[in-house]
Amino acid sequence: MGYSADTGGAAGVAAPAAAPGSPEALYQRWIAANEPDRAQLELQARISARLPFRPLISVITPVFNPPPDVLRETIGSVLLQTYDNWELILVDAASDLAGIGSVIEEACASDGRVRLVRLDANLGISANTNCGLEKARGEFVAFLDHDDLLAPDALYEVVRALNEDPSLDIVYFDEDKVSEDGRIRMDPFFKPSWSPDYLLSTNYLMHSVIRREAVAAAGGLDPAMDGAQDWDLALRLAERGRRAFHVPKVLYHWRRIKGSVAADATAKMWAIAVQGRCLEAHLERRGFAGARVESPALGVVRIRWARRGLKVSAIIPTKDNVSLLRRCVESLLQAASSVSLEVLIVDTGSVDGATFAYYSGLREQKLVRVLEWHGAFNYSSVNNFGARNATGDVLLFLNNDVEGRTPEWLDELVQWAECPEIGCVGAKLLFGDGTVQHAGIIMGLQGHGSHVFRGGPGEHRWGVFGTIDSYRNYSAVTGACLAVRKEVFERVGGFDESYELCYGDIDLCLRAAARGYRNVVTPFAELLHHEGRTRGLHFPQPDVLRASVGMFPLVVQGDPYFSPNLSYDSLVPSTTSEDEPEARAARIMSIADSFGVYAALEDRLERELTLESREWAIYEELIRRPAAGCRAVAPVGDGAAPPMRVLLILHDLSRSGAPMVCLHVARFLCGRGHSVTVASPREGRLREAFEDAGARVVINPLVLGAPNALGDFIAAHDVLLANTILSWRAVLVAKSLGRGVVWLIHESKFGESLVGQFPAAGRALAWADAVVFPSRETAGLYGGFAGANHRVIHYGLDAPVVEGGAFAKTPGKLRVLTVASVERRKGQDVLVAAAALLPGTIARDFEFTMVGRVLEEDFGESVRRAAQRVGNVRFEHETAHGEVLRHFAAADIVVCSSRDDPSPVVVLEAMGLGRAIVSTRVGAMPEIIEDGVSGLIVETESAGELASALIRLHSDRELLGRLGRGARATFDRELSLTRYGTELEAQLRHAAGDAFAPAGA
């Protein structure tokens, strides 16, 4: 068990039985889509050796009586690191469990980087660790518990971050848990970027890699804080301003072993008191003398400190709905016992007599004043008017449809608002049914910015984003309940009155953050919010346009207080998936389109998102940097033909068909001496493979959603090689800049639908210099836009090489293999139905294997149920590419049962390995497979024809062999990368212009 060089992950890790769409199932899909396979880990090892900064990292593991096999796996996880400049210091605190000594001796003997520090007694976790620190030689140290596991790429990812910024002091990363037997991974914790106030609720810096000098300067671990020693260290490092960076990857696995906190949060209840002491000591060092730490629930921390006694002015815009207003005001007055308070009701045009009667009754209430607003309602202007009339030091902006739910909600808000470094303070707002209305705003969530946790349970639960009952820093909080010191409010200019109704609260918070203040939500200020009861829910068109322009950079770069591993489509935090409906930038454009301001937004983006914009600075280096490219290799075969600067735009870097084809193309072009830059809106598993091929990789969310903002970057290249129909905006931008475009379109029905939805995509099909389709069938779907620029070029690949030999198979059995993502268009159900039609005497000679990740859970479950009835069909989740090739090598027959697939890459690989092919009449298959010569073609959806083809191959083994040989001959003749790459290179040279034509052309 433990880590294996074959898998690159936890060996034998199995997906737990999980309902389709459940958090557990989503996490297994995330692991399959995002984590490196064996080939990628091998590639990381090669890249590691070339990194310019290769610091020694000392991994320190105190050891005291773990199960020997568990310790062996922990040590093994270090030995398998793809970054090799490390040392492992095992601090044995006089373990007396049989087998521990031999495990340690075996490790030290097997690798000179493993060192032993032997203690005469168990001094406690802090003192034991400090003994290891004294012996550490590394520039950086990592803390690894004796029963946990490092991911094989953990140190590699840390050192990559340090190469980007060698001044970092702390590099931290995401984590999850692994079952006691090491087979199942679960409970991921996806963390935010640096969030100081969140550190008061949970130690998300645990198990970081830290500069050794920083640990020494902080005094090492404090034995008086055993049980919270790492949290105490993190807080002392934060106090000293040490620079921290988050790697958003799961690189640490807590083992859920009996007696550990990972298995049972109540296992070390005594540690809760220690945690309180370490937080109180931290607050005292920060100047909050007498602060008290409470634990109202397991895993929840609440802090109380002495307030400065500032006066509070509550500002409530209102119009009638007196029953709501009364509850709001009463809850304020009830909470004011410990707060100096004034309440300013700003009436914005009430007409109901009951409202004025209520106002009349308030005249005797000295704490309440009623102000009249004259003129059209403007949320920002009304609140600024209230602020000008306020006499308090803290402004509390409230909607009239909120009411306090806990006795001390007001005191809690003011406690935070009084902190000098805090800007805007928000609360936990609940609907009447107890579900969440607001707990903070994430930029880019379902648009410009939405309320995270909305619709979820309001009580404490732990999930992929931690718990709602934590202090958290956020980019913004809702104006329905927002506290801010008046000095901060005035310094940032108050509410921007250009916003009539919406987004003004977000804008205020963003401007406070730009001034260096931290915005925070405290869950212990809890209120009810009867949302939209006064003025409804309306979004004025000018507000949408202004927000789209002003907030666009923050949306596309991703919210620092959220995780890129979490879905921006789900309000309740959920693991992201590879089939998210839209990129964040594209969603903003879609929203603008639905409000009729798309053209205006495009124009404003071009004019206002300049390189001088503060928010846009994140892209300045990217856009200004010249199009540096691949390794210098002399051009081959073109005489004086100059190399090109090629920009290859991908929709993602996953190991799916289209990006894999582009990887082969990039390798070919770099080998020909061209400079290749690969741009993708998000990270993926192919990044290292592209870099190893010699390409420069740029991750930028604008490349698909708003490439007009990257004009300088696109113009720095000679030609654009656009991949998939989703690149249509980039095609239009490149042509408007006078750059050549070759466009690879792989989609069939989806692409046809998209062109119908976006007429501009149809224009792009006519503007591109060459539009290349993988099959005549696919090209025919775009017939309405067909022109002289359309080409059909069948895919070509490097000949596949099987490492490790074919998988063993059952003697005497015909193995039938299909490799495809499990979704309806791939037709696995047709193959299972065909297997069910085989006569019993023939069926027993077959074994069927289906390999692929599940994209449609319901479809996958129905196929599994049908397969169970057949009996000789087994499933394997998506695996490493090298493992897929071993499956091919072991197969007698490879089946493509797709309903919709332009040119399945896996079929081409199977042909390159000389496998007999049976394929539906889909995409390029009938164009590259000659029926009866290099494969068998059956009608799509016809389980009967597919069954007949299998029966035919069962009875005619000579035909089976001929088809395999014919497939390989076709691959060598028509499907090689040399042929495909040469044809694409010619199209690229033609598109780039005469200056790049071969000599004599």
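Select Phe143, Ile170, Asn203, Leu205, Met206, His207, Ser208, Ile210, Asp230, Leu233, Ala234 and Leu237: these residues line the largest cavity. A cavity here is a set of points, on a 1 Å grid over the protein atoms alone, where a 1.4 Å probe fits but cannot get out; lining residues have an atom within 4 Å of a point.

The model is predicted: local features need pLDDT of at least 70, side-chain atom pairs count only at pLDDT 80 or more, and totals for chains, interfaces and linings use all residues. Residues are numbered from 1 along each chain as its sequence is written, and side-chain values use heavy atoms, without hydrogens and water.

Stay at the largest cavity. About 80 Å³ of space lies inside. Colour helix H8 (residues 229-239), which gives the most to this lining, with four residues. Helices are DSSP runs (H or I) of at least four residues, strands (E) of at least two.

Next, select Val822, Gly852, Val854, Gly860, Arg864, Phe875, Glu876 and His877, the lining of the second largest cavity. Helix H30 (857-870) and strand E33 (873-876) are the elements that give two or more residues to this lining. The space here is about 60 Å³.

Last, show helix H3 (residues 68-79) and helix H4 (residues 100-110). They pack at an angle of about 20°, with axes 9 Å apart. H3 and H4 are therefore roughly parallel (angles under 35 degrees, on a scale from 0 to 180 degrees between N-to-C directions, with axes fitted to C-alpha atoms over the stretch in contact). Pick Pro68, Leu71, Arg72 and Ile75 in H3; they meet Ile100, Val103, Ile104, Glu106 and Ala107 in H4, where contact means heavy atoms within 4.5 Å.

Methods: Parallel < 35°, antiparallel > 145°, perpendicular 65-115°, else oblique. 1 Å grid on protein atoms, 1.4 Å probe; cavity = no way out; pocket = protein on both sides within 12 Å on 5 of 7 lines; lining within 4 Å. Points joined across faces, edges and corners; volume = space filled by probe spheres on them.
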